[in-house]
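Let's walk through this model together, starting with a sheet and ending with a helix. Keep the view open as you read.

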Amino acid sequence: AENILEVKHLKKYFKTARGTLHAVDDVSFTIEKGKTLGIVGESGCGKSTTGRAILRLLEPTDGQVIFNGQDITALSSSKMRQMRRDMQIIFQDPFSSLDPKKTVSQTIAEPIIENKILKDKKAIDARVRELMATVGLAERLVNAYPHELDGGRRQRIGIARALAMEPKFIVCDEPVSALDVSIQAQILNLLQELKEQMGLTFIFITHDLSVVNHFADEIAVMYLGQLIEKAPTEELFDHPVHPYTRALLSAIPIPEVGIERPERILLRGEISSPIDPPDECRFAKRCNYVCDQCHKSCPQLVEISEGHFVSCHLWENFK
Ligand code: SF4
Ligand code: MG
């Protein structure tokens, strides 16, 4: 299948008083059209920054983002604005991204009006109701305000706003992390249905591996601004290779019935600083297997079997 997105050597650095923060440091991956890539990692690993840099909501410091064959990092800001119709984002906390003074219909209509997708008031109104039905919001809520709604319904508004642009690709940044577990499943099911109906492609960012287990086709694990392992979901769960991935998997709280839980791997040490990091493995301070080589150079991402990428000097020992 064709790749809808190719991310090549993406970097996002921030200048700080203490030095240069390498929030995203040379990240490369591809996504096939119609697939969901889960990006997983602890807070501060650069997964949200990666999502924003791909959409150029944050300008990349370096690297390329090829969307549908076009390098969008080279586009002018007005061309990018057009392109962004195809590339939407759903945020973690729908409450803070919704205007409390706007009703549900006003909120969903806003991107339609701003982007001049429809002009006629009746047509906008009809489209808003259609979008509400698509995301499972009852019609009676059309004049409700965000504070009158629960988290799940607010997230449905966020999804409707993203869908209003008829996108091809959506970055979902922790879309269920702020929700109760029961509501999480509803929103995940909705996203899955929409993906199938509309042929959408997703990046699904989460700190919680158990959330993407059933939802993602592939999983990319990030650590300190770098992608350290990427594989089809089943392969990653069955044969994790990188010591960090294996520690993450061992920490998933609820094992599935019939699946033996690996022994919990505890990580020692502290996270290295993302400011002016030395040329060594970013995981060296916490790794149980660290050796001289790990301090001498930062391992490159290599494809160890079809579609399974790992960056660890000792990957052959962990296969
Ligand atoms: Fe551990 Fe070395 Fe592999 Fe880094 S390169 S994960 S320190 S074994
Ligand atoms: Mg985040």
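Lys15 faces Thr20, a residue of β2. Strand β1 covers residues 3-16 and is joined to β2 by 11 bridges, with the two running antiparallel. Helices (H or I, at least four residues) and strands (E, at least two) are DSSP runs, numbered from the N terminus, and two strands count as paired if DSSP finds at least two bridges between them.

This is a predicted model, where local features need pLDDT of at least 70, side-chain atom pairs count only at pLDDT 80 or more, and totals for chains, interfaces and linings use all residues. Residues are numbered from 1 along each chain as its sequence is written, while chains are lettered from A and ligands numbered from 1 in the order in which they are written.

Now step back to the sheet: it is open, with 4 strands in the order β2-β1-β4-β5 and antiparallel pairing. At its edges are β2 (19-32) and β5 (70-71), each of which pairs on one side only.

Next, turn to helix α5, whose 14 residues (121-134) reach 20 Å from first C-alpha to last, close to the 20 Å expected at 1.5 Å a residue (1.5 Å times one less than the number of residues). Val128, Leu131 and Met132 of α5 are buried (20 or more other C-beta atoms within 10 Å of a residue's own, C-beta atoms being placed from the backbone; exposed means 12 or fewer, and partly exposed is in between). These three lie on the same side of α5 because they cover an arc of only 100° around the axis, taken from the directions from the helix axis to the C-beta atoms. On the other side of α5, Lys122, Ala123, Ala126 and Ala133 are exposed.

The buried residues of α5 pack against α4 (104-114) and α6 (151-163), contact meaning C-beta atoms, placed from the backbone, within 7 Å. Just after α5, Gly136 adopts a positive phi of about 75°.

How values were computed:
Contact = placed C-beta atoms within 7 Å.
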